[in-house]
Amino acid sequence: MKKSIGISPNIETLFGTRDENVRLLEDGLNVTIHLRSNAIEIEGAARDVARAEQVFADYEQLQRSGHTFNNGDLNSMMRVLTSDPNATLRGLADAGRQRSLGRRTVQPKSSNQRRYLETIETHDMVFGIGPAGTGKTYLAVAMAISALLSKRVNRIILARPAVEAGERLGFLPGTLQDKIDPYLRPLYDALYDMLDPEKVDRYLEKNVIEIAPIAFMRGRTLNDSFVILDEAQNTTSEQMKMFVTRLGFNSKAVITGDITQIDLPNARRSGLLEAVDVLKNVDGLSFVYFDEGDVVRHHLVQRIIRAYDEHKNRVSEQMLLLTEGKSEPAKPAESPSISFPPAGEQNSSSAEVEG
């Protein structure tokens, strides 16, 4: 099927840098798009052409309503709608507008990120599990700020286990806050990226936003709060159980972690791994899993994560082969046939047998 649609003003911005958005549409929707002098020509299966046509129609309508796309937003939306058949450009743009945080508009960059945001909106406890760079913590902090600014909660509590990543930091000077700040710096970075620094400092000073190690959560009941536990793979079993039972009335909790980067001593099992097993059938909470396709950092990060995964699989296969080899019963030794060598060759023959 071939369909021609009219060219609307500023349509070139939809095409993206070097037509990267058009290539995304072509690959994701299995269509071919040509820009003619007076029209855009779309060719492919009827259903795919209709979806592509809807993208252009939504873009024109959003432009007329005054919607502006921030840098990279269009490309992110294209990635989502090509991987999710139920997504539309207008729906994604409206969802991002609803989550506007003043300095930032939170826009999911993959279908899993979109599902993560929607799950946080509809569930009181959500586990976000996946590799580094997939936006688990950043999006959770964004949703917390959105809930705070819209007065759905009264405060934000950000917790993190104080565990070193393969090194010992030793005795840190200063106050208690000075000692724990290095462990919590990623949470501060997310806050300052989304809100004006003066507003963040004011919220921290008034304890509207509280950042603390998970050990400080014991004995508390957290009402009217949005609580985030970051780096949950480094919690112990006892810490995880303590945290998930802190939830009070009108509160939400988001637990994020990467089970491939556990820095706990070998003797202790990760509380996140145990929670996945123990809580998987509990109603009212949800698990969202990310993979390398959701990585939104430098493009090299995706390749690095894939390389580590492939290495892990190779090591697992080798260990499995070794285990299977050891478990096979030893075959009974066959009786060797004895032959007597000619005279003068007895010593060399016996040496070969002994060797």
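I take buried to mean under 20% relative accessible area. The model I am looking at is predicted.

**Helix α2**

I began with helix α2, residues 20–29, and listed its buried residues: Asn-21, Val-22, Leu-24, Leu-25, Glu-26 and Leu-29. I then looked up what these buried residues pack against, and found α1 (12–15), β2 (31–35), α3 (46–64) and α4 (73–83). I noted the general point that an α-helix has 3.6 residues a turn, so residues three or four places apart point the same way. After α2 comes Asn-30, and I read its phi as positive, near 60 degrees.

**Whole protein**

I counted 13 helices and nine strands in the protein. The chain has 355 residues, and 41% of them count as buried. For contacts with a separation of 6 or more, I found that 71% are between residues 24 or more positions apart. The accessible surface comes to about 20700 Å², and carbon and sulfur atoms hold 49% of that.

**Cores**

I looked next at the nonpolar cores. The largest has 35 residues, and Tyr-116, Ile-211 and Phe-226 have the most contacts inside it. Two or more residues of this core come from each of α6 (111–122), α7 (136–149), β5 (155–160), α8 (176–194), α9 (197–205), β6 (209–213) and β7 (225–229). The element that gives the most is α7, with nine residues. I also found a second, separate core of 28 residues, which includes Leu-24, Ala-52, Leu-89 and Ala-93. Leu-24 is also on my list of buried residues of α2.

**Arg-246**

Which side chain of opposite charge is nearest to Arg-246? I found Glu-210, 12 Å away. Arg-246 is buried yet has no salt bridge. I placed Arg-246 in the loop between α10 (237–244) and β8 (252–257). Setting aside neighbours within four places in sequence, I listed its contacts as Met-217, Gly-219, Arg-220, Thr-221 and Leu-222.

**Surface patch**

Last, I checked the surface for nonpolar residues. Ile-259, Ile-262 and Leu-273 form a nonpolar patch there, and together they have about 200 Å² of accessible area. I located Ile-259 in the loop between β8 and α11 (271–278). Why does Ile-259 count as partly exposed? Its relative accessibility is 37%, and partly exposed covers what lies between the buried limit of 20% and the exposed limit of 50%. As a general note, nonpolar side chains in soluble globular proteins tend to be buried together.

Terms used: Residues numbered from 1 in each chain as written. Predicted model: local features only at pLDDT ≥ 70, side-chain atom pairs only at ≥ 80, totals over all residues. Heavy atoms only, no water. Helix = DSSP H or I, 4+ residues; strand = E, 2+ residues; numbered from the N terminus. Buried < 20%, exposed > 50% of the residue type's maximum accessible area, 1.4 Å probe, protein only. Lys, Arg positive; Asp, Glu negative; His and termini not counted. Salt bridge = Lys/Arg side-chain N within 4 Å of Asp/Glu carboxyl O. Contact = heavy atoms within 4.5 Å. Core = buried A, V, L, I, M, F, W, Y, C linked by side-chain atoms within 4.5 Å. Areas by Shrake-Rupley, 256 points an atom, 1.4 Å probe, with all protein chains shown as cover. Patch = residues over 30% accessible without salt bridge, like charges linked within 9 Å, V, L, I, M, F, W, Y side chains within 5 Å.
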